[in-house]
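User: I would like to learn how to read some features of a protein model. Please take them one at a time, with the general idea and then the case here.
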Amino acid sequence: MKRPSLDSADHERGELATPAAAPRDPRAAIVMRGGKLGLLSLTCVIYLVVSGGAYGTEDAVRIAGPRLTLLLCVLVPLTLGVPTALMAAELNALMPLEGGFYFWVKEALGPFWGFAEAYLTLLYTAVDMAIYPVLFSAYLAFLYPLGTGGQLAIGIALVWLAGLLNFLGVRPAGNSAVLLTALLLAPFAAMVVFGLGHLVHWRPPGGRIFGSDFALALGGGLTIVIWNFSGWENASVVAGEIRDTRRTYQHALAIALPMVVLGYLLPLGVALSGVHSGANWEIGWYSEIGRQLGGPALGTALALGGMVSAFSIFTAAMLWVSRMPFVLARESYLPRWLAEIWRTTAAPGKSILACCVLFTMLVPLGFVTLVILDVFFYMGALVLELSALVVMRRKRPARDGLFMIGGGKIGLYLVTVLPMLTWCATFGLALTEGGIKDDFVIAVALAATTYPAYELCRRLWGGPPPGGSVFDALSSSGETR
């Protein structure tokens, strides 16, 4: 079988083809000539990156209460999900490059802010990826209790199995996303069928929308809901590995958005119909709801679904996360060996390997108070992306039929402002709760290391060459219209 040709490095010996890690020609584009993600697989990847099912909302119900959680799951898609998806669709249509949002911000705001975008992304990813092995173990414990050592071993195995799937290339990873999405949605579909009467004769949950502690209820619940509805732009990092990326990414977002919203609202609607308290809710509670509705079989299926969900999200996240060190190495912010491409599968093998090693070290951290750090870094990166959206409207007003957000300046500013207002609503929790205040301070302190890290990386590895534009790269690779 003929191996795929990769960049200009097919003359290299061995299994790894090594493109110039930092092309001195600023017109050079990152070209990935392996398999491509189609509409179905990309839709499932986006669904998994953003959501992965209703798992993860349990703590929101416990902290914010049933009524406020349902309200937030209606409002946050409108104020964060839709604006972020529209932003991603417009900027990906304009700049469909491997590296996605890094190049959007670099082109609009300059090299430092492009680095800051990647740096904040790596910070929130490091936090986020530490969560899913623990969620996997939590749902496994519903079926088979594990000690600390067993949970650690399972978490590490999860990391390397996800890495193995990504070593095989983008197409197997995309195909696995389709299968895993079907497996994790099936138990929730059964739960909705068994609980259909709860939806047909739905009764709002009892109690007040806000409890006695307004800041805790709103800030805590909103932080968790934001975490469950974020990540619409992340798959843009593999734009060079998507078939007809402009059209496919736009359509995949349009399909995945209602999937995500309904994937939360329908199970929550069944589980919270007529209830008066969410005090018993904790990670794994959907298994108990399933047991009540459909007996032990459904409870077990939902526990298995929780395990599939954690593994699926981790695997889909590994797909795009592993491209970030690869892109930064190509930009000469990291060592050149991270830019090597596995010849047989067209995957950035050493970048994936480095991510597996890092996430293995993070597994022992467990599911601690990290969600607020995750949301803080993510929203900081999103500020830069939304700024890039506004700046590129001024720099490139003519789009030659490419997708653009409608509504003129009003539509543009609504898409920009609504996510920021949503984020600001979480600050009351961060500033008033003792332990959470400490996490907020830690988040600010870590974000403040961005410029020193930028200078250090430039000093060690040189940084990208001056001049040039991503549109030169698009032109040289034949992507412009």
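User: Is Cys44 buried or exposed, and how is that judged?

Analyst: A residue is called buried under 20% relative accessible area, exposed over 50%, and partly exposed in between, using a 1.4 Å probe and protein chains only. Cys44 has a relative accessible area of 6%, so this residue is buried. The model is a predicted one, in which local features need pLDDT of at least 70 and side-chain atom pairs count only at pLDDT 80 or more, whereas totals for chains, interfaces and linings use all residues. Residues are numbered from 1 along each chain as its sequence is written, and side-chain values use heavy atoms, with hydrogens and water left out.

User: Where does Cys44 lie, and what is Cys44 in contact with?

Analyst: Helices are DSSP runs of H or I with at least four residues, strands are runs of E with at least two, and both are numbered from the N terminus. Cys44 lies in helix H1 (residues 39-50). Contact means heavy atoms within 4.5 Å. With neighbours within four places in sequence left aside, Cys44 is in contact with Ala177, Val178 and Thr181. The C-alpha atoms of Cys44 and Ala182 are separated by 9.1 Å, although these residues are 138 apart along the chain.

User: How many disulfides does the structure hold?

Analyst: A disulfide is a pair of cysteine sulfur atoms within 2.5 Å. The structure holds zero of them. Cys355, for example, is in no disulfide, and the nearest cysteine sulfur, that of Cys356, is 7.1 Å away. Cys355 is buried, with a relative accessible area of 5%. Cys457 also counts as buried, at 12% relative accessibility.

User: How is the length of a helix checked, taking H8 as the case?

Analyst: The expected span is 1.5 Å times one less than the number of residues in the helix. Helix H8 (residues 170-194) has 25 residues and should therefore span 36 Å; its end C-alpha atoms are 37 Å apart, which agrees.

User: Where does H8 bend?

Analyst: The bend at a residue is the angle between axes fitted to the seven residues ending there and the seven starting there. H8 bends by about 30 degrees at Ala186, and a proline, Pro187, follows within four residues. Pro187 is one of the buried residues of H8, which also include Ala177 and Thr181.

User: Which residues are in contact with Arg323, and is Arg323 buried or exposed?

Analyst: Arg323 is found in helix H14 (residues 323-330). At a relative accessible area of 0%, Arg323 is buried. Apart from neighbours within four places in sequence, its contacts are Glu98, Asn166, Val170, Val237, Val238, Glu241, Pro348 and Ile352. Val170 is also listed among the buried residues of H8.

User: How many salt bridges does the structure hold?

Analyst: Side chains of opposite charge can pair when their charged atoms come close. A salt bridge is a side-chain nitrogen of Lys or Arg within 4 Å of a carboxyl oxygen of Asp or Glu. The structure holds nine.

One of them joins the side chains of Arg62 and Asp59, at 3.0 Å from N to O. Both residues lie in helix H2 (residues 58-64), three residues apart, about one turn of the helix. Arg62 is partly exposed at 40% relative accessibility, while Asp59 is buried at 12%.

User: Which parts of the chain does the pair of Arg399 and Glu90 link?

Analyst: Arg399 forms a salt bridge with Glu90, and their closest N and O atoms are 3.3 Å apart. This pair links distant parts of the chain: Arg399 is in the loop between helix H16 (371-395) and helix H17 (408-424), Glu90 is in helix H3 (residues 66-94), and they are 309 residues apart. Arg399 is buried at 4% relative accessibility, and Glu90 is buried at 0%.

User: What about Arg291 and Glu288?

Analyst: Their side chains meet in a salt bridge at 2.4 Å, N to O. Arg291 and Glu288 are separated by about one helical turn because they are three residues apart in helix H12 (residues 285-294). Arg291 is partly exposed at 40% relative accessibility, whereas Glu288 is buried at 18%.
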